[in-house]
Structure formats: C-alpha cells, structure tokens
Amino acid sequence: MTTNSDPQFVNAPIGISADGTRTESDSMGSIEVPADRYWGAQTQRSLIHFSIGNDKMPKEVYHAYGFVKKAAARVNARAGRLPQWKADVISRVCDEVIGKELDEHFPLYVFQTGSGTQSNMNLNEVIGNRAIQLLGGELGSKKPIHPNDDVNMGQSSNDTFPTAMHIAAVLEIQNRLLPRATELQSSIATTGATWNDVVKIGRTHLEDAVPLTVGQEWSGWAAQLSTAIDRIESAQHELYRLAAGGTAVGTGLNAPHDFGPEIAAEIAELTGKPFVTAPNKFEALGGLDAIVAAGAALRGLAVTLMKIANDIRWLASGPRAGLAELRLPANEPGSSIMPGKVNPTQCEAMVMVCIQVIADDSGLALAGSQGNFQLNAMRPIIINDFLHSARILGDACEKFRRFCIEGIDVNRKQISEFVDRSLMLVTALSPVIGYDNASAIAHDADRTGRTLRESALASGTISAEDFDRIVVPADMVGPF
C-alpha cells in the first residue's frame, strides 16, 4: 500500500468478489456489512432502521454529491489540510460516482434522518473504501482514507446535503426537463402554425363561442408553455446558491476560511454551471425556500401541460359521437373488448403525470415549511419529490411530443360543419342591429332549428345582402 506523495494505484476494477460479510465500525461499535459492497457501518445501520417502503434515495443525489466531495478534496488540498495524494484518490473515486459506476453501492431509503446524514455517510464510506481498494489497503480499515476525517473534511451533512440537492435539481432541470419541454413547445408552435388558415368555432364555458383559427388556438398553448419554461429557468437562479461552507449550523465551524466561496467555485468549474456560495448560510441551512420555489415552477408547467392535454383529448373525442376536430395517431389498441377503438392515451398519461407533480409539490411545500431553528430536517423527501416531478415531466414531454403532437391531424370537414352551424356567429351582427335583436335571432334559431341566416332574415332586422357581408367567419378571427 502506497501512502506517500506519489501514490501508485492498484489495478482494482470496480466490484468486490468476496462472499459473506466483513466487520465495519463507527462510533456505535462494530457491525457486519456485505463483503461485496463498499459501504460501511453507518450505511448498514440505516438499512436496518429505515427500510421503509420501496422509495430509494434518487441516484441523482449521489451523482451530485460526487461533485461536492471532489470539490471539497481539491479545496482542502490547496489549503494544505489534505495531502495531495489523498485528494487525488478521492477525486478519482468521485469521478466514478459522478459517472454512475458505483450506483449499486448507494442503497438507502428516502425516509431516513431528515438532514440526509446517512446518505452523506453512505457516500463518505463508499468513497473511502473504494479509495482504500485503489491504494491496495484493507476495506473497512479506514486507513489510509478515513470517511469522516478525509472525505468529509470541512463539511457537515447539514451544508453538503442541501448543496447536493441544488446541484441535482439544476442538472435534472437542464439535462432532462428543459430540453424536452422546449422541444414540445417548439413542436406545438410549429404544428399549429400549419393550420393558421383553418377557421374553427371557439368555446368558452364549454359552450359555443365566436370563431378563431386552429393555429391561434395552438399558439395559445405554445405561449403558455413558453412562459412556464421561463419560470423554471428563472427559478434556477436561487438554486445556484450553495450552502456548502456553513457546516453544522451556518457558522462554518471546522471549515477553512473562505471554504464556502472556494468550494462553490470548484463545483461551478466541475459542472459548468454558475454555482456560487449562498450569501447567508443560516438561510441556506434553516430553510429550503429555493427548491420549494423551483418546485412551484414545476407545478406551473404541470398546470399548463394538463390544460393542453385535456384540450387535445376533448377536441379529439369521437370519432363519431364527440367533437372529433382532431385526429390522434393510433399508437396502440384502445380496448380489450371493443375492436378498432383508439384512445387518447398520451393525453391521459400526461394528465396523470401532472396530477402526480401537483401532489409532489404539495408534499414538497409542506416539507419546506418544516424548518426548525437552524435546520430543515425534511430534506430527503423534498429532493425526492422534486427530482421525481422533474423526471416524469421531462419524460412525459418527450413522449407527448413524439407520439401525440407530431402525429396529429385536423378534421377539416368536422371543423367546417361546426362553424356553419354555430349560433355565436350572430356576435358579428350585434354592432349593426343591437345586442337584443341579435340575441333574439340566436334564441329563435336554437328553438326552431333554423339556421342563423334563416332566423335573421325572418326577424326583419337585416337584409340577406347585409347578413352575407357581415357574417363571414374568416373575417371574425382578427387581427383587430
């Protein structure tokens, strides 16, 4: 085993072939852990005490934590607190964490200590043992790399876990959610623009209203999505502020001077994202308002997507007994008993995703309100709910675009028939013959089953020539 300033790494591939268990220890004493895993005593205790349900801590948290540990090792080495060779081996293992190569060694559940301490120690233990293996040492010995003294140097779970939360949230937003939501928005805008000339009847209160074009209707959806995306992008600015450097209660005890700004700068360099140190560490540890606000932005996107999905499935209802203005792609059979049935399955899936996101946000907001004194101890459920929402929203946007929006067509015949039968075209007559006369014509047409034109001429308030000149649906869609 090499422990000098120029360590020679052992050719030790990831994975341990040993069977049975090995003995690990912590401040509570010794405990047996699986011999084929890198974790140590504190992780094993958590598995015993908190095996609650099937909800595991998202792996994205650990990947984000890899950046934190690597940045801390660099800063500590530069300050002369950690030998460079230790920083190098810790950094090498952190790269494996970030690269998802050690995912099977992070087994903990969401419902654990509210500070995230056990997940922090899970990471410390795995990095420590993997580093020991690379240096040719004995797993569980904590020599020459100690999980607390070396990997966790200058840190506390109280400041590193929220730091990892923010990193994980930003990466999930930027790598999955925003690209897919933006592609969906672009697809809706582009698709809708091809139907700018298709005049259709509008609907308010689920009742007939004045005309607009299909393109105008779709432009509203595209604009809603654009605004929702902007809100998420804006919410990231607070997520860029990192708690690291505050240690246990925000004072920075046991961390070197300027550790906060320096570790934030390192994380920014490693991730390529503009992370900075939080200006007030007491805020950063005692509350989680930034991620609560970002969760609200995800909820806002869900609200918009639900409106769009519901509009589309109503407009596609039919094909013979519904609105049937849109034709959805037939992706799969819709019924086990009714042959030939096609259902708006992508719309239904999107609505379910949006319901889940709104529910996640309720839990996230409630958990965010539970900060007590210098610590919010609901962190695991907050990051779990946030990442869950971002993940399913991103996936749903991608599937909705590919298997719904990009295959939709309009039923021009049905749309035209609705326009021709609409009573609300009478709105164009109101400025000419007055509201009351126009209202009487509409009611008469509805009661008698006559066309709007027939009732208008029968009323004696307007000539056929004037009616045909004024009531032109294509002239009623603007711009005004």
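Residues are numbered from 1 along each chain as its sequence is written, and side-chain values use heavy atoms, with hydrogens and water left out. Because the model is predicted, local features need pLDDT of at least 70 and side-chain atom pairs count only at pLDDT 80 or more, whereas totals for chains, interfaces and linings use all residues.

Side chains of opposite charge can pair when their charged atoms come close. The whole structure was searched for salt bridges (a side-chain nitrogen of Lys or Arg within 4 Å of a carboxyl oxygen of Asp or Glu). The search finds 29. One of them joins the side chains of Lys-70 and Asp-95, with an N to O distance of 2.7 Å. This pair links distant parts of the chain. Lys-70 sits in helix H2 (residues 59-78) and Asp-95 in helix H3 (residues 84-98), 25 residues apart. Helices here are DSSP runs of H or I with at least four residues, strands are E runs of at least two, and both are numbered from the N terminus. Lys-70 is buried at 11%. Asp-95 is partly exposed at 37%.

A second salt bridge joins Arg-180 and Asp-395 at 2.6 Å, N to O. Arg-180 belongs to helix H6 (residues 157-193) and Asp-395 to helix H12 (residues 379-403), and the two are 215 residues apart. Both partners are partly exposed: Arg-180 has a relative accessibility of 26%, and Asp-395 one of 27%.

Arg-299 and Asp-361 also form a salt bridge, at 2.9 Å, N to O. Arg-299 lies in helix H10 (residues 289-315) and Asp-361 in helix H11 (residues 345-368), so this pair ties together parts 62 residues apart in sequence. Arg-299 is partly exposed, at 35%. Asp-361 is buried, at 6%. Elsewhere, salt bridges with shared partners join Arg-74, Arg-78, Glu-262, Glu-266 and Glu-269 into one network.

Strand pairing requires at least two DSSP bridges between the strands. Strand E1 (residues 21-26) and strand E2 (residues 29-34) pair in the antiparallel sense, over six bridges. Glu-24 has Ile-31 of E2 as its bridge partner. Two residues separate E1 from E2 in the hairpin that they form.

Grid points are joined across faces, edges and corners, and volume is the space filled by probe spheres set on the points. Two cavities reach 30 Å³ or more. H6, strand E5 (241-242), helix H9 (281-286) and H10 each supply at least two lining residues. By class, the lining has seven nonpolar, two polar and four charged residues. Nonpolar covers Ala, Val, Leu, Ile, Met, Phe, Trp, Tyr, Cys and Pro; charged covers Asp, Glu, Lys and Arg; the others, Gly among them, are polar.

The second largest cavity has a volume of about 70 Å³. Its lining includes Leu-328, Pro-329, Asn-331, Phe-403 and Cys-404. H11 gives the largest share of this lining, three residues. Seven residues of the lining are nonpolar, four polar and one charged.

Conventions. Buried means under 20% relative accessible area, exposed over 50%, partly exposed in between (1.4 Å probe, protein chains only). On a 1 Å grid over the protein atoms alone, a cavity is a set of points where a 1.4 Å probe fits but cannot get out, and a pocket is an open set with protein on both sides within 12 Å along at least five of seven lines; lining residues have an atom within 4 Å of a point.
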